[in-house]
Amino acid sequence: MVFVKTHDIAELTARLIGKRIVLGGWVEDLRKLGKMTFITLRDVSGISQIIVKGDLNKKLGEINRQSVISVKGIVQETKARDFAFEIKAEEIEVLGKAVHPLPVDPIGRVESNIDTRLNHRALDMRNQKTASIFKMRHHVLQCLRRTLAEKKFIEITTPKIIGSASEGGADLFSLEYFGKTAYLAQSPQLYKEQMTIGLERVFEISNFYRAENSHTGRHLSEFTSVDIEAAFMDYNDVMDVLESLVMDVYKFTSENCNSEQEAIGHKIEIPSTPFEKITYNQCVEELKQEGEKIDFGDDLLDSHLRIIGKNHPGFYFLTDWPMKLKPFYIREKDEDSTLSRSFDLQYGYLELSSGGTRLHNPEMLKDRLKEQDLDPSQFTDHLKAFEWGMPPHSGWGLGLDRLMTTLIGIDNVREVVLYPRDPDRLSP
């Protein structure tokens, strides 16, 4: 008979002393001391001590660590230093037996490398550091949605199977789609722009895909992106939204995720505002002063960004990029058509977000597509929307996974993704 769980361990309080309850969880530790057995039981909310005595102890049998059990018993005070209360067991049922030895040690006494842990990710979730990372990710997602809703953004869901490239370029996964060629979406860019016609301010938090053969600690083939698009805003306005959003995430998790910070071993430090703004031209001058050979119009390499990031630690905006380095939908600056109304949000050398003011004139958009050797006929459905009265609009995309690494001080993005997908990993 399976007992119905009545309480989470975190719900144990003094008012329950003397009460009969049922807990369920997994055995983190087990010590048999003659006529008594001490079981350390953990569930998602916390940890408790179970005392087994008398006939129940004699009939207990062999229970492997990490096995799932159900315990019916009486809540009582304890002299144990690590527990507020303990349970005097009346009945114990093994619900799911764990094999021995396990492929990874969830307690962390024997350390496993990241590939081994990812290969056994579900079991790795019993490691309190790993679990705390994903509890914090949950809180970050809640905070993002709440803040954007308060700023009058409406959440949308856009297609992930599309008929043409979202942004041009070759980093696309293709698939056969009922006799046609389809692609996995790189971003919601075109759809979110179209939605500003009627909804004005929209956001999406979803997974997107890039067929980029990169093998670094910050690149994935499938990643979670936070995207916004806002009518009647320019790129300075949406930079303000982004800065506010990052600050809300840091403040909320700093104040509300104390146990997670302790388990991860990292204290969240709230950044100062406003975030510094550095133009592309300023970056070029800084790099030249550092002895780098770079000219206007050259893209910033990883080595360049590491130099800039060393000079500007923490969060900063890198603004006003050359037009030729930006996608077709980005608008130029009125005072200098070689520069764009665009930005990246950086954390040191790490790019977290890219955005800018978009073109909303359909003829200018067609010309830009041709300039970038893209066929306007491949964007017919998108261009139609611009003939129905497209408002001026701006937006950005933020890499959630990268933001998480800055928040908890971890440099490998695979640590903050449940089941990462990269050029070498397609399972589990």
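Which residues are buried in helix H10 (residues 362–371)?

## Helix H10

In this helix the buried residues are Pro362, Leu365, Arg368 and Leu369, where buried means under 20% relative accessible area and exposed over 50%, with partly exposed in between (1.4 Å probe, protein chains only). Because these residues cover an arc of only 120 degrees around the axis, they lie on the same side of H10; the arc is that of the directions from the helix axis to the C-beta atoms. The exposed residues Lys370 and Glu371 are carried on the face of H10 turned away from the buried side. Strand E14 (332–333) and helix H11 (380–386) are what the buried residues of H10 pack against, contact being heavy atoms within 4.5 Å.

## Basis of the model

The model is predicted: local features need pLDDT of at least 70 and side-chain atom pairs count only at pLDDT 80 or more, while totals for chains, interfaces and linings use all residues. Residues are numbered from 1 along each chain as its sequence is written, and side-chain values use heavy atoms, with hydrogens and water left out. Helices (H or I, at least four residues) and strands (E, at least two) are DSSP runs numbered from the N terminus.

## Helix H8

Helix H8 (residues 280–289) has Tyr280, Cys283, Val284, Glu286 and Leu287 as its buried residues. Seen down the axis of H8, they fall within an arc of 165 degrees and therefore line one face of the helix. They pack against strand E12 (276–279), H9 and strand E13 (315–319). Just after H8, glycine 291 adopts a positive phi of about 90 degrees.

Strands E8 (residues 174–177) and E9 (residues 180–184) run antiparallel and are joined by four bridges; two strands pair if DSSP finds at least two bridges between them. Tyrosine 177 has lysine 180 in E9 as its bridge partner. Two residues separate the strands of this hairpin, and phenylalanine 178 in the turn has a positive phi of about 50 degrees.

## The largest pocket

The largest pocket has a volume of about 1500 Å³. A pocket is an open set of points on a 1 Å grid over the protein atoms alone, where a 1.4 Å probe fits, with protein on both sides within 12 Å along at least five of seven lines; lining residues have an atom within 4 Å of a point. The volume is the space filled by probe spheres set on the points.

The lining comprises 48 residues, of which Arg210, Glu212, Glu351, Ser354 and Arg402 lie nearest the centre of the pocket. E17 supplies the largest share, six residues. The lining divides into 16 nonpolar, 16 polar and 16 charged residues, with Ala, Val, Leu, Ile, Met, Phe, Trp, Tyr, Cys and Pro counted as nonpolar, Asp, Glu, Lys and Arg as charged, and the others, Gly among them, as polar.
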